[in-house]
Amino acid sequence: MDSISAEDLPTIDGITTVSLLHSFIPMHWLPFSISSRFQKWTLSHSVHYGFHQLVWFL
């Protein structure tokens, strides 16, 4: 595998930017947020459960 060159940096920056903006789409986090509020979970419980869902998804 080749190392990362200066020519690759705009592509990496673009991918990173799109990924971060994509994570703000409400369809990704809104259902989880609503269900955790409905279940009256604490913030730590919600984060813990969300992390386990992320690991399971990967």
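Start by selecting Ser 46, which sits in helix H3 (residues 43–57); helices here are DSSP runs of H or I with at least four residues, numbered from the N terminus. The model is predicted, so local features need pLDDT of at least 70 and side-chain atom pairs count only at pLDDT 80 or more, while totals for chains, interfaces and linings use all residues. Residues are numbered from 1 along each chain as its sequence is written, and side-chain values use heavy atoms, with hydrogens and water left out.

Is Ser 46 buried or exposed? Ser 46 counts as buried because its relative accessibility is 9%; buried means under 20% relative accessible area, exposed over 50%, and partly exposed in between, with a 1.4 Å probe and protein chains only.

Now show what surrounds Ser 46. Leaving aside residues up to four places away in sequence, Ser 46 touches Phe 32, Ser 36 and Trp 41. Contact means heavy atoms within 4.5 Å.

Select Ser 36 next, in helix H2. At 8% relative accessibility, Ser 36 is also buried. With residues up to four places away in sequence not counted, Ser 36 touches Trp 41 and Ser 46.

Move on to Trp 41, in the loop between H2 and H3. Its relative accessibility is 27%, so Trp 41 counts as partly exposed. Under the rule that skips residues up to four places away in sequence, Trp 41 touches Phe 32, Ser 36, Ser 46 and Tyr 49.

Which residues line the second largest pocket? Select Phe 32, Ser 33, Ser 36, Arg 37, Trp 41, Thr 42, Leu 43, Ser 46 and Val 47. A pocket is an open set of points on a 1 Å grid over the protein atoms alone, where a 1.4 Å probe fits, with protein on both sides within 12 Å along at least five of seven lines; lining residues have an atom within 4 Å of a point. This pocket holds about 160 Å³ of space. Helix H2 (26–38) and H3 each supply at least two lining residues, and the largest share, four residues, comes from H2.

For the last stop, select Ile 12 in helix H1 (residues 9–23). With a relative accessible area of 34%, Ile 12 is partly exposed.

Conventions: Grid points are joined across faces, edges and corners, and a volume is the space filled by probe spheres set on the points.
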